[in-house]
Amino acid sequence: MKAYENMSIWMVAGSQHLYGDETLKLVRSHTEEIAGYLSSLDNIPAEIQYKGILTTPQEITDFCIRASADDHCAGVILWMHTFSPSKMWINGLKVITKPILHLHTQYNRDIPWGEIDMDFMNLNQSAHGDREHGYINTRMKIERKVVTGYWKDDKVHKGISSWIRAAAALKDIRGAKVARFGDNMRDVAVTEGDKVAAQIAFGFDVYGYGVGDLVARIKEVKEEQIDSLIKEYKEVYEIDKALLPGGSRHEELREAARLEAGIENFLVDGNFVAFTTTFEDLEGLRQLPGFACQRLMEKGYGFGAEGDWKTALLVRAMKVMGKGLSGGTSFMEDYTYHLDPANPMVLGAHMLEVCPTISGNEKVRLEIHPLGIGGKEDPVRLVFNVPEGDSVNASLIDMGNRFRLLVNEVYTVDITEKLPRLPVARVLWKPKPNLETASHAWILGGGAHHTGYSKQVTTEMLIDFCEMCCIEMVLIDDKTDISSFKKEVKWNDLYYTLKAFSGGV
Ligand code: MN
């Protein structure tokens, strides 16, 4: 069972007719064998379909048009087993709209020293056939992933797997809809952005709604839908006794369930994959719908608070990338620091809206407490810690002439303190290379306070995703130093400015 049953990857080999039918027969069977082998691996998350070999300009162009038009195809793997002159590829590469992975491998692992002859050399010449293919892609400035190595090596599978996960996210967001209840939070800059530019870069569209549209749907929620949610909560969470049926605050849990059901009905009917709320615009809602946001993220929706549609989309894309992997993905905010020089850390949380998929084996508690801001009735919320492990924080910002994804690799640490007066979901992490450098670089890079936080998505997947979308990606990891980082962001500014002048997006 693959994580992505609704898509496939198409694999072909480029060749030509110079070598005769016997050689082409072998090129075909080797390519089919490699596609079948890769497809059979548990850690390759989508089916890889062998689609033949391409030996003429017309075959290549036809393949690129078919792949682009096919709904099921999420990307193509290209390999030049023999030499495939790249002028044949120009017209095809001009029209292909699907992500490309150039697999630079070779059918045989070792040189057969005793038997090798010129026939063998002519058949197994990806060492230079793939160089010719690399040239034309580079010359045409085509973004693609190059994965290098023997096709049975784990490292190759890891590279392909990461790219497939990014391709699945791109397939999901192209044409996807984000629902935005209320506008941006007043005067906040980083959560704003150019939605037309976003649609050009990523393919998703943001639909704005007045909160009254949502309130109308919440009023329509049937009592049976609330009953069934309450039943589900009892099975999944450790519930505060007062919230249970018969308890003094049970009605408030029913109200929280009504909000969840109303928002979900709205999203399902409109075919939305992500949504935003804003606590400045809650007219007609009795509680801040934080618990509903937690629940809907758990079901796979992207979410951004305070009208942050970019982060909502990013969280959705990261959830799709991480599908089937352990760890979870959530909307997140860098909230407050622990600046002890011996052990500097960041406490991440939000008012309420953190996704329980990142809670690991930790028991998630369903509680109700007052909230200092928002001016509504006490909101129900899920409270939990997040277990230690490798994680990433990613922030999508609008730089005016392109989107930048800023990524920080962090290590999440167990929370050993009790935090008795902080009943919200919370995460504690140590950024790489250290808090001082990471926060310095993050601020220089213009990264938002809102992020997609993930324990299942890797830096490599995010790099692959940014390359597919042709957007900027800036990484803060254990190798980051401020002096180089400053130069990188300045050079990037120049690159994207020039790119815009030369007609790129
Ligand atoms: Mn926020």
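This is a predicted model: local features need pLDDT of at least 70, side-chain atom pairs count only at pLDDT 80 or more; totals for chains, interfaces and linings use all residues.
Local features were taken at pLDDT of at least 70 and side-chain atom pairs at pLDDT 80 or more, whereas totals for chains, interfaces and linings use all residues. Residues are numbered from 1 along each chain as its sequence is written, and side-chain values use heavy atoms, with hydrogens and water left out.

The manganese ion has Glu306 (OE), Glu333 (OE), His350 (NE2) and His450 (NE2) as its protein donors, at 2.2 to 2.3 Å. Donors here are N, O and S atoms within 2.8 Å of the metal (3.2 Å for Na, K and Ca); water is not among the atoms, so sites may look incomplete. Along the chain, the donors are spaced as E-x26-E-x16-H-x99-H. The two histidines lie 100 residues apart and link distant parts of the chain: His350 sits in the loop between strands E12 (345-349) and E13 (365-368), and His450 in strand E18 (residues 450-454). Strands (E, at least two residues) and helices (H or I, at least four) are DSSP runs, numbered from the N terminus. His350 is buried at 3% relative accessible area, and His450 is buried at 0%; buried means under 20%, exposed over 50%, and partly exposed in between (1.4 Å probe, protein chains only).

Turning to strand E16 (residues 403-413), 10 of its 11 residues are buried. Strands count as paired if DSSP finds at least two bridges between them. E16 runs antiparallel to E15 (residues 389-398) over 10 bridges, with Leu405 the bridge partner of Leu396. E16 also pairs in the parallel sense with E19 (residues 472-476) over 5 bridges.
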